[in-house]
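Q: I have not seen this one before. Can you walk me through it?
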Amino acid sequence: MSETPAGGWVVVAWAPDVFGSVALDWALADAERRDRGVVVVNASRGDALVDDRFALDEQLGELERRLTASGRPHEIRQSIDPDVAGAVLDAAEQLDAKLVVVGLRRRTPVGKLLMGSVAQRILLGASCPVLSVKPGSVPD
């Protein structure tokens, strides 16, 4: 990892879908505005044979190209972790992140009860501000 940028780090909870894409849009906009670097966290519980939220090599390559094109210092962290929210929160804590960005997905009350909510854990557990965004939103 490179030196800490003047404005610190933004951590993004990212998946190769519309939720991850909008979170990355907002994180890059904040990083540009505030002279920050971006750390992208892509994690999977590893409890399914196929997890479409865990990026494939070609998706990681496209992500790397986008981050490089932004000109911002960056890092991609990918892991199998039974606590996906914990992986994001750990990265934010390690880096003394100034912001965490997460894309919100609509969940039913029963779904939240049975599966929990990664976004909710991040919102409640982060020691820095958390920006939650929805697909269709566009950074200013």
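This is a predicted model: local features need pLDDT of at least 70, side-chain atom pairs count only at pLDDT 80 or more; totals for chains, interfaces and linings use all residues.

Q: Which residues in H1 and H2 meet?
A: From H1 there are Ser21, Leu24, Asp25, Leu28 and Glu32, and they meet Leu63, Arg66, Leu67 and Ser70 in H2.

Q: How do the residues of that contact divide into nonpolar, polar and charged?
A: Four are nonpolar, two are polar and three are charged.

Q: OK, switching to the sheet. What is the order of its strands?
A: The order is E3-E2-E1-E4-E5, in an open sheet of five strands with parallel pairing.

Q: Which are the edge strands?
A: Strand E3 (74-80) and strand E5 (130-133), each of which pairs on one side only.

Q: How far are neighbouring strands turned against each other?
A: By 20° on average, with direction ignored.

Q: Back to H2: which strands of the sheet does that helix touch?
A: Helix H2 (residues 57-70) packs on the sheet and touches strand E2 (37-44) and E3. The direction of H2 makes about 155° with that of E3.

Q: One more: how many bridges pair E1 with E4?
A: Four bridges, in the parallel sense, between strand E1 (residues 9-13) and strand E4 (residues 99-103). In that pair, Val11 stands opposite Val100 in E4.

Terms used
Residues are numbered from 1 along each chain as its sequence is written. Side-chain values use heavy atoms; hydrogens and water are left out. Two strands pair if DSSP finds at least two bridges between them. Helices (H or I, at least four residues) and strands (E, at least two) are DSSP runs, numbered from the N terminus. Axes are lines fitted to C-alpha atoms, for helices over the stretch in contact, and angles run from 0 to 180 degrees between N-to-C directions. Contact means heavy atoms within 4.5 Å. Ala, Val, Leu, Ile, Met, Phe, Trp, Tyr, Cys and Pro count as nonpolar, Asp, Glu, Lys and Arg as charged, and the others, Gly among them, as polar.
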